[in-house]
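Biologist: Can you walk me through how the parts of this model touch? Keep it short, please.

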Amino acid sequence: MKNFFRILFLVIIIIGFQHQTNAAEKIEYLKTDWSFKGLFGKFDRAALQRGYQVYTEVCASCHSMKYLSYRNLAEKGGPEFSEEQAKAIAASFEVKDGPNADGEMFIRPGKLSDKFVMPYENVKAAQAANGGAYPPDMSVLVKARGGGVDYIYSLLQGYEDPPAGFNLDDGVYYNKYMYGNKIKMANQLSDGLVEYSDRTIASVEQMSKDVTTFLMWAAEPHLEARHQMGFKAIVYLIILTTLVYFSMKRIWSRVETEV
Amino acid sequence: MSDHEYTPKSKVGKWFNDRLPLLTLANHLTDYPTPKNLNYWWTFGGILTFCLITQIVTGLVLAMHYIAHADMAFDSVEHIMRDVNYGWLIRYIHANGASMFFLAVYIHIFRSLFYGSYKSPREIIWIIGIIIYLLMMAAAFMGYVLPWGQMSFWGATVITNLFSAIPLVGEGIVTWLWGGYSVDNPTLTRFFTLHYLIPFLILGLVVLHIWALHVPGNNNPVGIDIKKPSKDTVPFHPYIVIKDGFALLMFMIVFAFFVFYTPNILGHADNYIEADPLVTPAHIVPEWYLLPFYAILRSVPDKLLGVIAMLSAILILAALPWLDTSKIRSAVFRPLYRQFYWILVADVLILGYVGAMPAEGLYLLIARVATAYYFLHFLVVLPILGFKEKTLPIPLSITEPILGGSPNLATVKNKESLNK
């Protein structure tokens with residue numbers, strides 16, 4: 001047992017090192033309670049649905065989400081829109097399909113199986129429309145940033161007037177949490193920007209939290225299944241380990257050596 | 001092998017065994033006399049076998065869904081994470097499995113260093129182990145390239161560029177490795193092929209590693225030669241099987257915690273950004289298990305010498321059986337070596353730490369001192385220590401330290417069980 005703790009200690013040291021590496025730039029992110037953290041962490045369904053609303057109404061005009069399909073919106077562990085709702089959402093987008101029998105491309109309403117329609121045809125078009133900056137695809141954005149959800153949540157609320165003497169070019173904005181404090185995305189959120197159907201007040205803080213929750217789900221659509229399975233797996237392992245421990249004691253009692 | 005002659009009981013068994021002695025082998029493996037005083041540090045051999053098998057099995061499934069193409073690799077990994085049934089589970093086991101594998105191998109290596117398991121007559125086991133370790137690093141590095149994220153791409157660029165340090169032919173070798181003039185699709189496909197091949201090479205070497213182990217038998221915490229089989233040994237089955245099993249389950253709990261609750265903590269966030277040859281990440285860092293060697297590489301100002309230092313840091317281990325001049329195996333009876341051992345452990349951890357930090361200022365200084373000490377330990381301390389150190393008296397057998405001293409209840413119990 002003593003040895004096990006030593007091993008655990010080593011593991012902790014290593015993780016400690018890793019943590020330090022990630023926290024190379026010491027900025028305190030804004031904190032909030034995330035429902036999906038912890039052993040039993042689950043997504044807040046309503047927050048996911050609101051977050052989707054913020055995404056489509058605000059972010060989606062520039063940011064793609066190419067790995068998500070409309071069917072995902074109705075899947076278990078996600079925003080869990082009803083299938084009808086998801087179909088309606090999909091149908092509200094125009095999808096380029098084809099070629100048809102005449103060899104021509106055509107536009108049709110979206111289906112559940114379609115991927116989220118991208119705001120721009122390609123990266124170059126996106127850059128051309130955004131002053132040379134490419135609005136990153138948001139499918140795995142949360143996992144692609146060191147601070148994860150806390151970083152995104154903070155960034156959305158991190159717009160400030162630059163300190164005196166801080167030089168900003170045209171089309172560049174000051175953000176407290178951005179690496180180097182310069183960001184090419186203007187502040188997008190303002191109080192009451194969207195109208196939530198569940199009457200939640202759309203403060204900047206609320207919208208940031210909702211859309212970040214949505215992004216977390218987008219990056220880890222199986223997070224709930226993972227947490228549930230993890231709990232079962234670990235409980236199972238602990239029980240099995242205990243049984244094996246006593247069997248081992250029993251078997252080794254035939255020899256005088258301690259195990 | 002000191003096994004008694006084995007003959008299968010059944011006729012069919014005998015017929016088969018005369019033609020292919022698999023049953024003799026199975027009998028050897030179950031009866032294999034193992035020192036009974038092995039502690040839990042000895043369970044990592046079994047744990048490592050588990051890690052290898054896990055990597056191979058999960059890797060096979062991943063390879064069924066992965067597409068080794070620069071334009072599709074990143075997408076196919078996301079496809080695995082989202083649409084393949086339990087693909088997220090398989091991938092997270094595989095990704096964290098690599099880290100667990102290295103965690104276990106480092107414990108295994110440092111156990112060997114502490115108890116002198118590399119010394120005569122076990123040099124071949126040790127050298128095969130070092131080759132396995134080298135192959136593991138190659139496999140892990142190439143595996144990290146496959147998702148084709150930013151760290152994949154730039155890690156591959158940095159590491160393959162090391163070969164350009166070779167005088168005259170360096171540049172040519174790098175172009176040859178890349179299959180072009182930069183890391184690109186040809187690099188990815190060949191890395192995938194090699195990443196698929198290496199685990200099976202490791203598997204073969206593991207068989208040799210165990211075979212070589214079964215000739216002299218296990219070392220043990222006391223570090224003395226023991227008679228086999230004798231009162232000092234227990235048959236592998238069921239004693240060691242259940243003990244290894246218990247340790248493995250403990251290990252799996254830690255493993256499961258990573259897989260299910262912090263699956264990305266050991267990876268780098270930048271690897272969730274698709275590879276972009278035009279954008280260099282702020283810090284290019286390898287995975288944690290390669291950091292000590294990365295620190296050694298960067299601590300030398302000259303590129304070629306840095307590469308040589310890094311390679312020597314690993315290869316020097318192969319010469320360890322001859323660098324360590326002490327006849328006594330176990331550090332338990334070597335009071336001075338024990339101290340230097342822990343300094344080495346600290347040194348390697350420090351190297352790992354500075355390897356993750358930018359190579360500048362104080363970090364660089366620490367890296368240089370730690371690198372120098374690393375080589376000092378193997379090239380100066382160990383050879384001298386063997387002559388200078390006053391070792392403690394070693395017992396004649398494993399049972400002796402127990403039998404000596406006050407009457408021991410446990411021994412009484414043993415005598416009773418023998419009478420049964």
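**Contacts between parts**

Modeller: Eleven residues of domain 1 of chain A are in contact (heavy atoms within 4.5 Å) with seven residues of domain 2 of chain A. This is a predicted model: local features need pLDDT of at least 70, side-chain atom pairs count only at pLDDT 80 or more, and totals for chains, interfaces and linings use all residues. Residues are numbered from 1 along each chain as its sequence is written, chains are lettered from A and ligands numbered from 1 in the order in which they are written, and side-chain values use heavy atoms, with hydrogens and water left out.

Biologist: Which residues make up domain 1 and domain 2 of chain A?

Modeller: Domain 1 is 27-68 + 115-221, and domain 2 is 222-259. Those bounds come from an automatic or database domain assignment.

Biologist: How many salt bridges link domain 1 and domain 2 of chain A?

Modeller: Two, by the rule (a side-chain nitrogen of Lys or Arg within 4 Å of a carboxyl oxygen of Asp or Glu). Arg226(A) also forms a salt bridge with Glu220(A). Their closest N and O atoms are 2.7 Å apart.

Biologist: Switching to the chains. How many residues of chain A are in contact with chain B?

Modeller: 59 residues of chain A, against 58 residues of chain B.

Biologist: And which residues of chain A lose the most area to chain B?

Modeller: Tyr67(A), Arg226(A) and Glu256(A), together 13% of what that side buries. Buried area is the accessible area (1.4 Å probe) that two parts lose on being put together, summed over both. Between chain A and chain B that comes to about 5,500 Å².

Biologist: What does Asp83(B) form a salt bridge with?

Modeller: Arg71(A), with the closest N and O atoms 3.2 Å apart.
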